[in-house]
Amino acid sequence: MVKGLYTAYTGMVNEEKRLETLANNLANASTVGYKKEGATSQSFSDRLAYRIKDITVPTTVNRLGDVTLGVKIGETYTDYGQGSFQVTDKKSDVAISGNGFFAISYTNKQGQTSIKYTRDGSFTVDNEGYFRTVDGDYVLNMNGAMNSQDGAANYVRIDPNQDYAINSQGVITQNGVNVAQIGVIDFADYDFLAKYGENLYELVDGGQIIPSDAYIEQGALEMSNVNVVDEMVNMIAIQRAYETGQKMIQTEDSTLDKAVNQVGKI
């Protein structure tokens, strides 16, 4: 009976963690380039139950069988599926169609600079012609992105006083001349990508950068791949599962009460 309480408890904790992941998805449903997360479940390792202090068998410990200790979160994963495009007609806005990421020269609050990656292409062009993110970080060109090289020579820069166009390969032209190329790269294994925050990713040790075969769409942004309707349906299912765990605990508690206070009197 006590095992039933533990099983119900672990199930409720599992649903609570799934709900946290789902709530984060809903909170970022309108975030440009956001990739939704999901959670898998797995059971705790089985353990053998033994009959202890059984005076009828003084020299042997008898097994009662396997005991399952409930359920837990197996892992939290990221769905890198393509999000829908939103047309903005803003020339500096670009969206990636296919597998790939923009490379960003990111500077944190301590002034430390490192290379991060994002699908958010809501860029701006400053007075000096540099492409920047909404947070002011520089966008790397193809050489900087592929070779993980920072510095002004690897930033995307154009003449801010002239008109420009961006083709499907990310090449920027002004007056018919190629002046820069937005760096879009991919990774051999997405398991080496870690979420950094602020809609950015970082490559952990062992990750490999490879060329991307994605296309660039100018004047558009890739929105999140969160389906709000699906997430709401999943939220209802999680709520029902949580309520089932509560009822199971109430039932087990009632059974224990009868075993202790009523059967014990007999």
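Ser 148 is partly exposed, with 36% relative accessible area; on this scale, buried means under 20%, exposed over 50% and partly exposed in between, computed with a 1.4 Å probe on protein chains only. The structure is a predicted model, in which local features need pLDDT of at least 70, side-chain atom pairs count only at pLDDT 80 or more, and totals for chains, interfaces and linings use all residues. Residues are numbered from 1 along each chain as its sequence is written, and side-chain values use heavy atoms, with hydrogens and water left out.

**Overall make-up**

The protein chain contains three helices and 20 strands. Helices (H or I, at least four residues) and strands (E, at least two) are DSSP runs, numbered from the N terminus. Of the 266 residues in the protein chain, 34% are buried. Among contacts between residues at least 6 apart in sequence, 67% join residues at least 24 apart, where contact means heavy atoms within 4.5 Å.

**Two loop residues with positive phi**

Ser 148 is not a glycine, yet its phi is positive, at about 55 degrees. Its place is the loop between α2 (142-147) and β12. Glu 198, also not a glycine, has a positive phi of about 55 degrees. The loop that holds Glu 198 runs between β16 (193-197) and β17 (200-203). Glu 198 is partly exposed, with a relative accessible area of 49%.

Strand β7 covers residues 101-107, and six of its seven residues are buried, so the strand is largely enclosed by the rest of the structure. Strands of a sheet pair through backbone hydrogen bonds, either parallel or antiparallel. Here two strands are said to pair if DSSP finds at least two bridges between them. The table gives the pairings of β7.

| Strand paired with β7 | Residues | Sense | Bridges |
|---|---|---|---|
| β8 | 113-118 | antiparallel | six bridges |
| β11 | 138-139 | antiparallel | two bridges |
| β15 | 184-187 | antiparallel | two bridges |

Individual residues show how these pairings are set out. Phe 102 has Val 184 in β15 as its bridge partner. Ser 105 stands opposite Tyr 138 in β11. Tyr 106 is bridged to Ser 114 in β8. Strands β7 and β8 also form a hairpin, with five residues between them. In the turn of this hairpin, Gly 111 has a positive phi of about 85 degrees.

**A sheet of three strands**

An open sheet is formed by three strands in the order β12-β13-β14, with antiparallel pairing. β12 (165-166) and β14 (177-181) are at the edges with a single partner strand each, so one side of each is left without a neighbour in the sheet. Strand β13 (residues 171-174) and β14 run antiparallel and are joined by four bridges. Within this pairing, Thr 173 has Asn 178 of β14 as its bridge partner.

**Glu 217**

Which strand holds Glu 217? Glu 217 belongs to strand β19 (residues 215-218). Its relative accessibility is 40%, so Glu 217 counts as partly exposed. Leaving aside residues up to four places away in sequence, Glu 217 touches Phe 85, Asp 93, Val 94 and Ala 95. The C-alpha atoms of Glu 217 and Ser 168 are separated by 6.1 Å, while the two residues are 49 residues apart along the chain.

**Helices α1 and α3**

Helix α1 (residues 2-27) and helix α3 (residues 228-261) have axes that come within 9 Å and cross at roughly 160 degrees. Axes are lines fitted to C-alpha atoms, for helices over the stretch in contact, and angles run from 0 to 180 degrees between N-to-C directions. The two helices are therefore roughly antiparallel to each other; angles under 35 degrees count as roughly parallel, over 145 as roughly antiparallel, 65 to 115 as roughly perpendicular and the rest as oblique. By class, the contact of α1 with α3 has 16 nonpolar, five polar and five charged residues. Ala, Val, Leu, Ile, Met, Phe, Trp, Tyr, Cys and Pro count as nonpolar, Asp, Glu, Lys and Arg as charged, and the others, Gly among them, as polar.
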